[in-house]
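Please look through the structure shown below. The paragraphs after it take its parts in turn.

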Amino acid sequence: MRWEVFKQDTPTKPHQAVGSVHGADAEHALLNARHVFGRRPAAVSMWVVRADRIYTRTAEELASEAQRTPIAAGQERTYHVFRKSSHRRSMTFVDHLVEVRASGPDAALQVALAGAGDEPGLAWWVVDAEDVHATEPEAQASWFEPAKDKTYKQQSQYGTVAPKRHEGAVG
Amino acid sequence: MTADVTSALIARLTAMADDELLLGHRDSEWTGHGPLLEEDIALANLAQDEIGHAVLWYGARSQLDGADPDALAFARPAEDFLSCAFVEQPRGDWAFTLLRQFLFDTYEAEVLARLERSPHAPLAEAAAKARREELFHLRHTGMWVRRLGLGTEESRRRSLDALQVLWPLYHGLVAALPGDGVLVEAGVLPDWETLRGATFDRARTALVAAELDPGRDPDPTAAERDVVREQRRELLATLQEVARQDPEAAAW
Amino acid sequence: MTDGPGTQQATEAELLERFEARIAAGEKIEPGDWMPDEYRRQLIRMISQHAHSEVVGMLPEGAWITRAPSLRRKLVLIAKVQDEAGHGQYLYHAAETLGASRDDLVDALLSGKAKYSSVFNYPTLTWADVGMIGWLVDGAAIRNQLMLAQCSYGPYSRAMVRICSEETFHHKQGKEMVITYAQGTPAQRRMAQDALDRWWWPSVQMLGPHDSDSPNTPLLVRWGIKTKTNDEVRQEFVDEHVPELQEAGLRIPDPDMRFDEKTGHWVHGPIDWDEFWRVVKGDGPCNAERLAARNRAHADGAWVREALEAYAARHEGAAERRAVEA
């Protein structure tokens, strides 16, 4: 089963979609997410969500849908809405934008779109809050912090690697 | 620190470093051959962490006698290693590897929590660093113990087979070294008998919860870290192969 | 986009025109967006070959993890080979966003149907090969990956950006190693030169056939999947590496290698494409060994994956029962 992974780099940054992992269940998937996306800094929190539970729309899809499905009345639930807002070079996809109460994912998206104003977004993901499996806040010290000490795999630690000028080739 | 205490501490740090290095080495043999891409990555993380801990312990020893960590790992004869049979065993199958790692993590969680409070600062600092990672390891290997024990008939059978080998050897990992008594007396190390009890209780509880009863506790025996076993010799022949190729080399 | 309800009836030609206009404008195509079947097919082909190359690429260097000659080199090599697994992982993810399944792709690799980079079918004979692979093979790969990081398909491009940042570490650690050995003891220098002699041509070849023999290139360039041709990328690789290798005191095993003052580029001799195609098609020195190793790992892991599934099924069943009872 495939699980989308959302990583938060610092407490003031949003959770961002970084890729997915295979995992047989949520616990397995969350540990795999840490192993795959937390082996270098930085992270303070990770979420995994079953890929098939995510409601997705691109700007193109939204434009081509003849009309919006009328919002059905129903019990409100909490949804996390994520958005991609630029074509810039990036290693992450959608960013967490807002948490909304709505009767369904499409309704949640409409609320988010209405609030997005000038920045309509290029792609949207909507996730039911109950589908989110998150690392515990106290896990940070043992799950994420130690990666900072593994400097041997950080390219910045190597600086400029250049040979000293050498007299003649190997004969 | 008296000469007795120093030499006992050197032996203790070397034994801990050797165990971490050899276990990390065994784990690293899986890199590229795991059962799932994500698990390949996971085990490579654990291998790096354990070898990283070996670096910490060799470094702490270095502060006492100036020994070079690389020379300790790559130029020391097998006879002078102080590793235990538990970490020297070949990697075995996935059940053997993960159960060994789980048992090791359990022991480390117990021992490091105590060493963190040691009055010998280099020891306490290294322990605090290593312990953070061990807590995460236990989450990972604890997850695996439940899946191995409660997964399929085959995973359970393989796990019990692995425990038949590992459980009796577990004592050799946890047992005190001949010089540890001096260190306990000097207050550098915690009481080893309490540590042993806590480790075995914690491991047994988790195993039984996964329907993997390891059987009765092995009789306390000597650690037997000064015996050169075939597995240690084979492992070190590989580990030191390149480093020994060119004795002239100033750097690798 | 302001298209109204009529959009759903847009013809294939209109859709294609709009798709190509988006790419020309530098927009990224995302999962869910309209794309030609051929774009999807080409991407799955390229991305999966790339993923397989990363996974098979763990093997030649992985064989030296247990023999790495210092604590730091051991940590570095485990991390590096682990990164190759990670890169395979990111790339399978990108292919999955196009509707491919990782299981199917892996089956194609294991059965020998899928291709992967020819360079990983050469043996690693000495420890210096590990450094040379980092410097040359990863150096060549980065050139290709920097280009693909600009590709028009969002998930592939993002995977590449992540891979490039990690691959730079691979390149630097390899270069650091080879320079150390090229300036070390006579035995180390011989080892470094021998590694260069064996890895130079496979690295030059791995960037792919000449553009005249690469039928897919024009389409891939038009759709923004590739933004440079194989020969352009190869030239970048040669220009970067030849002077550095020479400065380290090593000799490039190409008697025709010369610097062209007029163009400012290094010019290499003829490439043995017969060898390249032989190795790609399965007849390289290590093809059988590499596939056997992957098959063995997959077969040995079957019971592990079954245990995971069985536990998850039982666990999930229990969770659902609890939900019903509540």
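Is B:Glu211 buried, exposed or partly exposed? B:Glu211 has 13 other C-beta atoms within 10 Å, so it counts as partly exposed. By definition, a residue is buried if 20 or more other C-beta atoms lie within 10 Å of its own, exposed if 12 or fewer, and partly exposed in between, with C-beta atoms placed from the backbone. B:Glu211 sits in the loop between helix H9 (192-209) and helix H10 (230-239) of chain B. Although B:Glu211 is not a glycine, its phi is positive, about 60°.

The model is a predicted one, in which local features need pLDDT of at least 70 and side-chain atom pairs count only at pLDDT 80 or more, while totals for chains, interfaces and linings use all residues. Residues are numbered from 1 along each chain as its sequence is written, and chains are lettered from A and ligands numbered from 1 in the order in which they are written.

Chain C comes next. It has 13 helices and two strands; helices (H or I, at least four residues) and strands (E, at least two) are DSSP runs, numbered from the N terminus. Its C-alpha atoms fill a box of roughly 75 × 55 × 35 Å along the principal axes. Of its 326 residues, 50% count as buried. Among the contacts in chain C with a separation of 6 or more, 74% join residues 24 or more positions apart; a contact means that the C-beta atoms of two residues, placed from the backbone, lie within 7 Å.

Within chain C, helix H6 (residues 128-148) packs against H8(C) at an angle of about 30°, with the axes 9 Å apart. Axes are lines fitted to C-alpha atoms, for helices over the stretch in contact, and angles run from 0 to 180 degrees between N-to-C directions. H6(C) and H8(C) are therefore roughly parallel to each other, the term for angles under 35 degrees. The residues of the contact of H6(C) with H8(C) divide into twelve nonpolar, one polar and one charged. Here Ala, Val, Leu, Ile, Met, Phe, Trp, Tyr, Cys and Pro count as nonpolar, Asp, Glu, Lys and Arg as charged, and the others, Gly among them, as polar.

Chain C also touches both other chains. Its contact with chain B takes 37 residues from chain C and 43 residues from chain B. On the chain C side, H4(C) gives the largest share, twelve residues. That side has 19 nonpolar, twelve polar and six charged residues. The contact between chains A and C takes 36 residues from chain A and 49 residues from chain C. On the chain A side, H2(A) gives the most, with five residues.

What are the residues with the most contacts inside the largest nonpolar core? They are A:Val48, A:Val81, B:Leu99 and C:Val178, in a core of 202 residues. Such a core is a set of buried Ala, Val, Leu, Ile, Met, Phe, Trp, Tyr and Cys residues joined through C-beta atoms within 7 Å. Leaving aside neighbours within four places in sequence, C:Val178 is in contact with residues including C:Ala128, C:Met132 and C:Ala192.

Two loops of chain A remain. A:Glu136 lies between strand S8 (133-134) and helix H4 (140-143) of chain A, and counts as exposed because it has 9 C-beta neighbours inside 10 Å. A:Ala42 is in the loop between H1 and strand S3 (45-50) of chain A. The peptide bond from A:Pro41 to A:Ala42 is cis, with omega near 5°.

Technical notes: Angles under 35 degrees count as roughly parallel, over 145 as roughly antiparallel, 65 to 115 as roughly perpendicular and the rest as oblique.
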